[in-house]
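Here is a short tour to read alongside the sequence and the 3D view. Keep both open and follow the headings in any order you like.

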Amino acid sequence: MPVRSRDIAACLSLAAALACAGDPAGPKDDPAGDAPSLASPNGAVGVVVGTALNYDATKAGATFAAPAGAALAYSISFPGASGGLSAEGGTVTGQPAVPGVTWATIVATDQRGRSASDRFAIVAFAAGLPTPALPPTPFAYSDAALPLPAHFRTVVNGGSAAETDNAPAGNPITDAGAGLGRVLFYDRRLSANDQLACAGCHHPSVGFSDSPASSVGFAGVPTLRHSPGLANARFYRRGRFFWDERAATLEDQVLQPIQDRNELGLTLEDLAAKLAATPYYPPLFAAAFGSPEVTSERVSRALAQFVRSLLSTDSRYDRAFAADGTPSFAGVFTPQELEGEQLFRSAGCADCHQTAAQVSDSIHNVGLDPVTTDTGAGRGAFKAPSLRNVAVRPRFMHDGRFTTLEQVIDFFDAGVQPNPDLDPRLRAADGSPRRLGLTGAQKAALVAFLRTLTDSTFLAAPRFADPFATTPPSPPPGPPPTATVIMVANAYRPAKLTVAPGTVVTWTNQDGVRHSATFASPLAGTTPIFNLGSQQLTMPTVPGRYPYECLVHGSAMRGTIVVR
């Protein structure tokens, strides 16, 4: 029977109706089109403290995608503190008063109530922060460019330094990676208030250690222990870091001071935001890792590469080795130094400070006190740093209790305490603390030998130096500015003082007891210990934060001078 055209039309109409009924949310029923979506996220936004910010977080409509003709409404919120900022529509305005990271969320909403969002950081940087001066050709750091000397690859003092290498296969030292790490190491942007860098507690001039018994964090709070020297940190068979070995790797260790609330005080998220908002970092990250993305994991790898590159291999001690790694100390050392080297081995020093890098073999309780007050890695045991450049360090032990090498040698000669957990190597046959019975001449010989471990090439190497250092500005004409600090009631008043570069600061002692002003930075010097009258110091012309303490009262009497 023939099919009529009107029957065909009816069937098509029914099929269309059924199809629409089965897909009520289909595109033909959605005149507004697709919901808004994030198209071009905001990056971290940088602004200098004290300057006005007017930032369009919509990026002229490019941040979110929406169908042509669709109207979007914008709002911005600050889930945490606003940092002196406010928002209207899609624009952030304000004038930050202090350095910090403020997180903002912009929401785009269409006429049907559908929305998309983007969270981004606004970083307020301290005024006057310098930028690094980097060489046109990167410094060499890699093993290919700077191979280990032969005596680091052969057995010396109980082992080979190369066999204790803690560098993981996944993070070899590269020129670009360690070069980025050098910038990070010296950059004050790694602290919450832009006032302290890693180098603030590890000064190159004192062997990448620090002058006070306890370093001072970004907010003026003392750290728990003395800052150890970093030379030859690459060599340690156990591969763990910190005095108490709480970090399993160097990659773990370098991030912990950044996050510590008393040291640099940043979260890793804020850290990445600050670096991403700093113009010179994305190119450095791209050179080191192949893309400009800034992550805390990449920060960790770069800092670890730089610290592992801090190899001390050119002291007078090193120059006593032939090209094949064979030592000839008699041809380089004085008779006194030669006696000291022999005593270093015969008295047992080399049992714990092993290899040509003079690195610790393990953790040890050395009997500093009869009863353990700081458990360290357990039972009062601590990891010791390499002895390289030990003679330029101003403090020794995890608590910085000793201030001279002579005090350290006196302690190991006759001062080891009968701690129940004392290392067996420091016990006599009857279990009591071992006494070396050194003569004054022998002690002097040991000190003379330890001074041969000073590596002037290492301490002055440009590839390890501060890339932010600039030529100090010329002082203004006329007399220098002055300021005064009073020493009274075992305190500095004011405890914090902000001065111009080159200011002459006078400390007046009103207590009538012995005080000093001993600065952590070698740029600032120190006053003598005095109990009457006044003493003066001229502050550096290099801007920065200069903590100091009384050499007599230590951490109980501290102050800070900010040069700005």
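Predicted model: local features only at pLDDT ≥ 70, side-chain atom pairs only at ≥ 80, totals over all residues.

## Reading the values

Residues are numbered from 1 along each chain as its sequence is written, and side-chain values use heavy atoms, leaving out hydrogens and water.

Start with Ala60, which has a positive phi of about 60 degrees although it is not a glycine. Ala60 sits in the loop between β3 and β4 (64-65); here helices (H or I, at least four residues) and strands (E, at least two) are DSSP runs, numbered from the N terminus. Is Ala60 buried or exposed? With 73% relative accessibility, Ala60 counts as exposed.

Phe242 is also a residue other than glycine with a positive phi, in this case near 80 degrees. You will find Phe242 in the loop between α3 (175-186) and α4 (250-253). At 18% relative accessibility, Phe242 counts as buried.

## A cis proline

Another backbone feature to look up is the peptide bond between Arg493 and Pro494, which is cis, with omega about 0 degrees. Pro494 belongs to the loop between β17 (491-493) and β18 (496-499).

Strands of a sheet pair through backbone hydrogen bonds, either parallel or antiparallel. Two strands are taken to pair if DSSP finds at least two bridges between them.

To see the pairing up close, look at β6 and β7 (residues 91-94), which run antiparallel and are joined by four bridges. Ser86 stands opposite Thr93 in β7.

A second open sheet is built from four strands in the order β2-β9-β8-β5, and its pairing is mixed. The edges are β2 (45-48) and β5 (73-77), each pairing on one side only. Here the twist averages 25 degrees from one strand to the next. Strands β8 (residues 100-109) and β9 (residues 115-125) run antiparallel, joined by ten bridges, and Ala104 has Phe120 in β9 as its bridge partner.

Helix α6 (residues 268-276) lies across β8 and β9, running at about 85 degrees to β8. Its buried residues are Asp270, Leu271, Ala272, Ala273, Lys274 and Leu275. These buried residues pack against β8, β9, α3, α5 (256-259), α7 and α8, where contact means heavy atoms within 4.5 Å.

## Nonpolar cores

A nonpolar core is a set of buried Ala, Val, Leu, Ile, Met, Phe, Trp, Tyr and Cys residues joined through side-chain atoms within 4.5 Å. Which residues have the most contacts inside the largest core? They are Leu180, Leu184, Phe185, Leu190, Leu275 and Tyr281, in a core of 48 residues. Helices α3, α6, α7 (281-289) and α8 (296-308) each supply at least two residues of this core. Not counting residues up to four places away in sequence, Leu190 touches several residues, including Leu184, Ile258, Leu271, Leu275, Tyr281 and Leu303.

Apart from this core lies another, of 38 residues, among them Tyr317, Ala350, Phe396 and Ile409.

## Cysteines

How many disulfides does a search of the whole structure find? The search finds zero, counting as a disulfide a pair of cysteine sulfur atoms within 2.5 Å. For Cys349, the nearest cysteine sulfur is that of Cys352, 8.8 Å away. Cys349 is partly exposed, with a relative accessible area of 23%, whereas Cys550 is buried, at 0% relative accessibility.

Terms used. Buried < 20%, exposed > 50% of the residue type's maximum accessible area, 1.4 Å probe, protein only. Axes fitted to C-alpha atoms, helices over the stretch in contact; angles between N-to-C directions.
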